[in-house]
There are 6 protein chains.
Amino acid sequence: MRVDYLSQIDKIIDNALEEDLGPGDITTSAIIDSSLKGKARLLAKEEIILAGIEVFSRVFSRLDPEIVVECTYRDGDVVPNGYDIGIIRGSMIGMLSGERTALNFLQHLSGIATLTKRYVEKIDPSKVRVIDTRKTTPGLRILEKYAVRMGGGFNHRFGLFDGILIKDNHIAAAGSISKALAKIKANVPHTLKIEVEVEDIKGVEEAIGAGADAILLDNMSVKEMKEAVSIARGRVLLEASGGITLESIGEISKTGINLISVGAITHSARSVDISLEVIKE
Amino acid sequence: MRVDYLSQIDKIIDNALEEDLGPGDITTSAIIDSSLKGKARLLAKEEIILAGIEVFSRVFSRLDPEIVVECTYRDGDVVPNGYDIGIIRGSMIGMLSGERTALNFLQHLSGIATLTKRYVEKIDPSKVRVIDTRKTTPGLRILEKYAVRMGGGFNHRFGLFDGILIKDNHIAAAGSISKALAKIKANVPHTLKIEVEVEDIKGVEEAIGAGADAILLDNMSVKEMKEAVSIARGRVLLEASGGITLESIGEISKTGINLISVGAITHSARSVDISLEVIKE
Amino acid sequence: MRVDYLSQIDKIIDNALEEDLGPGDITTSAIIDSSLKGKARLLAKEEIILAGIEVFSRVFSRLDPEIVVECTYRDGDVVPNGYDIGIIRGSMIGMLSGERTALNFLQHLSGIATLTKRYVEKIDPSKVRVIDTRKTTPGLRILEKYAVRMGGGFNHRFGLFDGILIKDNHIAAAGSISKALAKIKANVPHTLKIEVEVEDIKGVEEAIGAGADAILLDNMSVKEMKEAVSIARGRVLLEASGGITLESIGEISKTGINLISVGAITHSARSVDISLEVIKE
Amino acid sequence: MRVDYLSQIDKIIDNALEEDLGPGDITTSAIIDSSLKGKARLLAKEEIILAGIEVFSRVFSRLDPEIVVECTYRDGDVVPNGYDIGIIRGSMIGMLSGERTALNFLQHLSGIATLTKRYVEKIDPSKVRVIDTRKTTPGLRILEKYAVRMGGGFNHRFGLFDGILIKDNHIAAAGSISKALAKIKANVPHTLKIEVEVEDIKGVEEAIGAGADAILLDNMSVKEMKEAVSIARGRVLLEASGGITLESIGEISKTGINLISVGAITHSARSVDISLEVIKE
Amino acid sequence: MRVDYLSQIDKIIDNALEEDLGPGDITTSAIIDSSLKGKARLLAKEEIILAGIEVFSRVFSRLDPEIVVECTYRDGDVVPNGYDIGIIRGSMIGMLSGERTALNFLQHLSGIATLTKRYVEKIDPSKVRVIDTRKTTPGLRILEKYAVRMGGGFNHRFGLFDGILIKDNHIAAAGSISKALAKIKANVPHTLKIEVEVEDIKGVEEAIGAGADAILLDNMSVKEMKEAVSIARGRVLLEASGGITLESIGEISKTGINLISVGAITHSARSVDISLEVIKE
Amino acid sequence: MRVDYLSQIDKIIDNALEEDLGPGDITTSAIIDSSLKGKARLLAKEEIILAGIEVFSRVFSRLDPEIVVECTYRDGDVVPNGYDIGIIRGSMIGMLSGERTALNFLQHLSGIATLTKRYVEKIDPSKVRVIDTRKTTPGLRILEKYAVRMGGGFNHRFGLFDGILIKDNHIAAAGSISKALAKIKANVPHTLKIEVEVEDIKGVEEAIGAGADAILLDNMSVKEMKEAVSIARGRVLLEASGGITLESIGEISKTGINLISVGAITHSARSVDISLEVIKE
């Protein structure tokens with residue numbers, strides 16, 4: 001796993017284990033001998049885009065460093081229905097105590113990657129990016145944004161601190177798009193681009209005039225998007241946003257805009273079906 | 001909010017705010033004056049079962065204790081499409097910085113309650129309970145199980161520590177259902193019932209014979225469930241589990257079993273559409 | 001140590017070490033060379049039931065992973081006065097800095113196990129269980145309940161979350177035992193038994209009639225306990241509680257009740273005498 | 001409560017509450033209405049020295065700031081058997097959920113103060129101090145040392161960081177008492193006195209010669225203590241330590257030594273009997 | 001204080017208080033009565049740019065919410081030598097226990113603001129920005145970057161996560177500036193500008209050709225900077241960096257570059273002289 | 001590193017890494033392959049007293065345990081300008097992500113050691129100690145006090161908990177030096193010396209008369225210090241404090257006082273110049 005964010009992911013994993021284990025796995029500890037070893041298959045029960053296999057593996061190693069996960073597939077791979085993703089070996093007590101937490105991560109993240117891929121398949125990725133939003137599950141953003149990348153999507157800003165997005169309330173408070181942009185330029189680091197959310201073509205023109213680097217087209221029609229593209233003439237990045245579905249994304253992607261943000265890939269992906277089955281020997 | 005778990009929920013909220021805010025809301029702090037006050041409507045954009053309105057409110061009060069949320073609806077209520085859930089008043093900077101985090105909680109939890117309600121509406125709640133599972137989003141279990149209750153469902157055990165569920169791997173390691181039950185009875189507190197997961201009618205008979213308090217019928221057919229009910233004769237609780245859908249739950253609920261556990265209500269509920277709109281004055 | 005609660009115990013250990021070490025062991029670091037190795041005996045200075053030897057060992061390994069503890073006895077064993085429990089080897093600085101914290105755990109937990117055993121020896125464990133209460137030292141419950149098991153006792157519920165105990169104030173607020181039980185049955189998970197605390201024989205009858213699974217007989221006389229047993233006829237578990245001593249437990253255990261809870265085994269056990277002696281070579 | 005250590009005590013309290021409450025007080029939340037208010041007496045059921053009444057109170061205010069504790073007695077006071085210590089008013093749900101944790105603190109700390117007082121009553125406090133040791137319950141040292149003061153005792157160093165105590169293993173590693181003292185003097189802050197543990201009269205002489213400020217007389221006889229006093233002639237403080245009991249402390253206190261350290265007052269005090277009784281109105 | 005980063009600053013403050021107070025302010029608690037109130041002047045003993053007055057105030061309110069700080073000056077103001085910055089009122093015990101920690105923050109942050117101002121005074125701020133670096137004191141970055149702004153400087157990226165800076169080692173690993181830029185463009189969010197560090201004029205040309213948004217001129221001469229400016233022709237932002245001093249910044253600022261980063265303003269600012277004097281009444 | 005405070009230092013390191021890395025090193029992770037290994041020189045670019053090399057090394061091992069630092073010099077050594085301090089080997093991604101944090105520690109701590117040494121070189125260390133104060137950077141005291149020792153200085157008390165210093169406000173509240181000392185003696189552990197801060201010769205006399213162990217001479221002239229020395233006649237330790245500079249320390253050190261405390265060595269040391277240079281192979 002990438003060392004630069006490993007400590008954050010360990011916190012998420014430890015928190016999840018503590019949530020499930022509390023003062024102990026009362027069933028397993030009463031029945032299973034601590035010396036008992038076992039082996040289990042991790043099995044895709046539908047076709048998925050895999051995401052989170054390292055998190056899955058680390059759940060077990062945080063519990064018991066001697067549990068080993070050997071993988072056949074890597075994050076980002078398509079795993080066909082019925083195929084083994086990998087084999088887990090180690091103490092039965094650790095495997096049974098960690099199973100549900102590990103699967104909860106893997107099924108959730110692979111669900112996001114799998115749904116993202118469905119959106120990406122509708123567009124030409126050489127011309128336009130499917131990107132995520134901040135509509136993520138509280139506490140899991142770093143993992144969910146990772147899963148989006150595994151599904152072929154890209155990330156928007158991580159949070160409120162690493163990207164500038166001037167929204168309608170900011171504009172209203174500042175008085176106008178130009179005034180909001182002036183305040184931003186006078187204050188923020190030079191390392192960030194400035195994106196402005198606009199609701200109509202007039203907004204597109206004002207934002208370009210005021211020196212925006214990118215424009216979020218909020219709930220615009222395909223017709224308006226095309227108009228925005230012809231106004232922009234490549235001077236700014238254009239992001240389509242708002243209510244985009246698997247049905248509408250194809251047409252939107254052909255308007256010439258650069259980015260399509262889809263909240264549903266993180267906030268409404270269902271878990272995919274993956275199971276862990278102990279192998280009788 | 002219930003004082004007995006408030007400190008846990010505050011941790012979840014603070015963690016989510018930190019995730020989104022990091023070293024600060026760079027756009028808002030550059031544009032909005034800290035003295036600016038505002039007002040916003042919280043609006044249901046589809047019919048929902050509300051869940052999480054106190055969490056929504058507390059996100060803002062953790063950021064800025066002077067932000068006040070006045071609610072028209074309470075958790076568990078049906079909010080029709082287009083109706084206001086409440087009004088938020090306070091500093092604009094606090095409202096804009098907390099908005100996304102607060103909505104992420106509310107949309108996710110109301111999504112769970114709304115989906116749970118759809119399952120509950122298919123059954124006769126005086127005869128059978130729809131219950132949740134441990135297939136929850138890592139870190140949010142306490143809130144998701146609360147949302148299930150708001151949707152008319154009930155909770156299964158919280159984690160591995162507050163309920164006993166003897167699964168196939170436990171049985172295999174112990175040698176038999178009877179041996180597993182004997183080990184449990186010799187070790188665990190008298191305050192917990194003992195539930196056994198079985199895969200066939202023979203398992204039902206063995207579990208009853210060995211003194212189980214409840215039996216989880218794993219992926220059984222409706223015919224098998226009926227047989228289990230007639231064997232049990234009210235001596236144990238029977239829980240149907242595995243692949244239950246909105247289509248199948250009605251028929252299952254009429255077999256005479258006592259509990260129907262549905263993983264989908266927590267692991268695959270989509271976010272519902274709720275928005276926060278600043279009121280121009 | 002059991003992997004399912006290891007992270008919780010590590011938090012307790014780290015907290016204890018931080019309490020004692022603060023910004024450093026000023027005496028040891030000024031005098032002892034960091035390369036100096038040593039060896040020490042862990043010695044029982046009275047007959048004890050051992051509990052906490054893995055915690056003792058882990059205190060050192062949290063400080064310095066190269067310190068090794070080799071044990072002759074295991075938790076639950078009787079260690080006669082004057083016998084070595086084990087040998088510790090490693091850096092002197094780590095051994096001296098961790099000594100007091102490690103012994104504080106071991107002497108406290110072995111004290112609980114040793115006292116528990118004295119109670120257990122007064123009863124016939126095939127017929128009745130000595131159980132603990134929630135009267136534990138704040139922050140150490142998971143370890144103290146473990147020590148009770150090492151002394152031959154059993155655990156009651158861990159906390160307020162994993163067992164139901166309806167007390168007089170709950171009954172008063174609900175209006176009656178039956179009403180309190182009805183509320184509980186309508187709300188709580190099916191995985192938990194329901195225990196009711198009663199103060200007289202009338203309470204026993206009401207609780208059984210209302211469907212309790214277990215009844216706590218609060219401060220009843222031996223005569224009343226016998227009456228409760230004859231009323232219950234095995235339909236519910238009966239727990240004797242309140243002011244039970246080493247003198248009274250024997251007679252109580254013969255009444256036919258199932259469980260005897262003793263607060264003193266956790267809240268009033270004295271530390272046993274164990275010392276760590278550096279071996280001169 | 002003293003503001004300079006309040007944040008530490010809040011951590012201890014929050015940890016204890018979390019231990020007991022976990023994901024919630026399942027009995028109370030199912031039965032008690034959140035609007036129900038109540039009142040309870042805090043009652044001494046034996047004669048005690050009170051210690052921890054502010055901690056007791058703060059347990060409730062951490063749970064629910066509107067619960068109020070009005071006290072008749074203060075820490076350090078003698079409370080006779082059968083007297084009310086105070087009255088608690090507020091929400092029943094908060095009172096019932098916090099009761100056990102609050103009492104666990106109060107009974108444990110008052111137990112320490114009460115036992116300390118018994119030792120102090122055997123000596124002339126104008127001539128000699130009863131002091132504690134580092135043999136405290138892991139995680140509770142700050143509170144236990146406070147309870148010792150409430151019982152009329154004094155504190156030894158808090159931990160390994162705020163006092164120097166050269167023990168036999170330090171002396172062995174340094175080569176001699178003089179060499180150990182020389183190393184200490186060359187390294188440690190000038191704000192700390194230097195105490196040396198010795199086992200015989202020869203050690204007393206060496207320690208004084210090498211410039212110790214205080215000497216711990218480890219397990220010496222009364223006769224040896226007297227000899228040490230006559231050698232010291234007031235040039236160093238003398239601390240008696242090791243196996244001191246209520247029977248032996250009186251004679252020891254008359255030897256002329258300055259300090260008597262007693263491990264038992266913290267590691268082996270039993271909880272005193274205090275109860276919280278809801279007042280029916 | 002800005003609500004969007006208050007929780008982070010509270011963590012820093014609490015950590016600092018815990019560092020200084022440990023298990024308690026032993027001198028103050030032994031001498032000062034907890035009911036004693038007092039008043040103190042906060043006094044500049046040299047001319048300073050004030051930064052951190054809200055942190056100063058919050059140190060006290062975290063300890064004791066009833067301590068109040070009334071300020072004559074605000075962050076960013078010039079306070080002349082000998083002038084009062086404000087008045088503190090409240091309990092003496094809280095004031096004495098918090099004094100050193102509060103002053104350590106204020107003197108350190110005002111030191112940074114004061115030094116930053118000296119650099120800013122050498123340049124024409126309408127044409128060029130003095131910016132900070134990541135050479136900050138570990139754990140205090142959010143406060144130090146705030147102090148830079150109070151001194152009239154601007155911030156560079158906060159950390160490795162909110163800005164892109166391609167350095168020589170990145171270029172070496174990628175093979176060339178163009179290849180490094182291509183990788184960045186293929187992976188990172190569209191919200192971030194891309195800055196490249198170059199060591200010579202050739203690098204400037206390559207970076208512009210490859211589509212960089214900004215270029216860091218590492219340790220270039222004034223002559224080279226001018227050449228870079230004439231090559232850039234406003235297409236990219238140019239940042240001068242490396243060994244810039246109060247002597248050299250003036251000339252550098254006139255070359256036409258846009259940004260001058262100065263590590264010394266954070267890593268080598270001395271504390272300014274501010275004292276807190278209790279007012280005798 | 002000393003095991004007795006390692007866990008505290010790990011917290012400081014982890015906090016610093018989290019501050020810089022946040023949700024990830026966006027530049028490095030986009031460009032550098034996780035399998036790429038490298039090697040870098042750690043190079044002194046001016047003459048320094050080294051302090052913090054173990055912290056430097058541990059920053060990398062916390063990120064990636066396979067990164068190894070081999071050192072030529074140890075803390076406390078003089079490293080001449082242009083000499084290599086050591087070699088770092090391991091994954092490039094870990095080295096680049098940890099570089100700035102590791103250097104920030106090393107440059108800051110070596111800065112303190114180097115400045116301390118300059119003060120120490122002005123005095124005769126066999127007769128007088130240069131000591132630090134509590135004027136340290138919030139959160140880094142344990143490291144900064146370590147750096148002072150590496151520079152040949154000594155430590156004063158760590159915080160408010162491990163040393164007694166009676167200041168003017170304490171004296172004012174108590175009524176007189178004697179009364180303040182009496183209160184202290186009646187309350188605090190016998191393990192701590194008692195130091196009193198005085199402003200004039202009269203204070204010196206009173207403090208000695210009242211039984212102080214040490215006296216802090218606050219902002220006294222050299223003449224007054226000599227007078228204090230002649231009054232003290234070795235009965236108490238004398239500490240010179242207040243505005244001591246590299247110019248004045250020499251003369252002060254010859255007055256016969258025992259300790260000279262210098263705030264500047266911690267609060268105003270500049271970072272020294274140390275760089276990490278990847279070695280091309």
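Student: At what angle do H1(F) and helix H4 (residues 92-120) of chain F pack, and how far apart are their axes?
Tutor: The angle is about 130 degrees, and the axes of H1(F) and H4(F) lie 10 Å apart. Axes here are lines fitted to C-alpha atoms, for helices over the stretch in contact, with angles from 0 to 180 degrees between N-to-C directions. Helices are DSSP runs (H or I, at least four residues; strands are E, at least two), numbered from the N terminus. This is a predicted model, in which local features need pLDDT of at least 70 and side-chain atom pairs count only at pLDDT 80 or more, while totals for chains, interfaces and linings use all residues. Residues are numbered from 1 along each chain as its sequence is written, chains are lettered from A and ligands numbered from 1 in the order in which they are written, and side-chain values use heavy atoms, leaving out hydrogens and water.

Student: Why is H1(F) called oblique to H4(F)?
Tutor: Angles under 35 degrees count as roughly parallel, over 145 as roughly antiparallel, 65 to 115 as roughly perpendicular and the rest as oblique. About 130 degrees therefore makes H1(F) oblique to H4(F).

Student: Which residues make the contact, and how do they divide by class?
Tutor: From H1(F) come Ile12(F), Ile13(F), Ala16(F), Leu17(F), Asp20(F) and Leu21(F), and from H4(F) come Ser97(F), Arg100(F), Thr101(F) and Phe105(F). Contact means heavy atoms within 4.5 Å. Six of these residues are nonpolar, two polar and two charged. Nonpolar covers Ala, Val, Leu, Ile, Met, Phe, Trp, Tyr, Cys and Pro, charged covers Asp, Glu, Lys and Arg, and the others, Gly among them, are polar.

Student: What makes H1(F) roughly perpendicular to H3(F)?
Tutor: Helix H1 (residues 6-21) of chain F and helix H3 (residues 53-63) of chain F pack at about 65 degrees, with axes 10 Å apart. That angle makes H1(F) roughly perpendicular to H3(F). Leu6(F), Ile9(F), Asp10(F), Ile13(F), Asp14(F), Leu17(F) and Leu21(F) of H1(F) meet Val55(F), Arg58(F), Val59(F), Arg62(F) and Leu63(F) of H3(F). Here the classes are eight nonpolar, no polar and four charged.

Student: How much area do chain A and chain B bury between them?
Tutor: About 4800 Å², with 60% of it on carbon and sulfur atoms. Buried area is the accessible area (1.4 Å probe) that two parts lose on being put together, summed over both. Each side gives residues to the contact: 60 from chain A and 60 from chain B. Glu19(A), Ile31(A) and Leu160(A) supply 15% of what chain A buries there, more than any other three residues.

Student: How do you know that chain D and chain F meet through the same surface?
Tutor: 100% of the interface residues of chain D are also interface residues in chain F, so the copies use the same surface. There, 24 residues of chain D are in contact with 24 residues of chain F, and about 1800 Å² is buried between the two chains. His190(D), Thr191(D) and Lys193(D) supply 39% of the area chain D buries against chain F, more than any other three residues.
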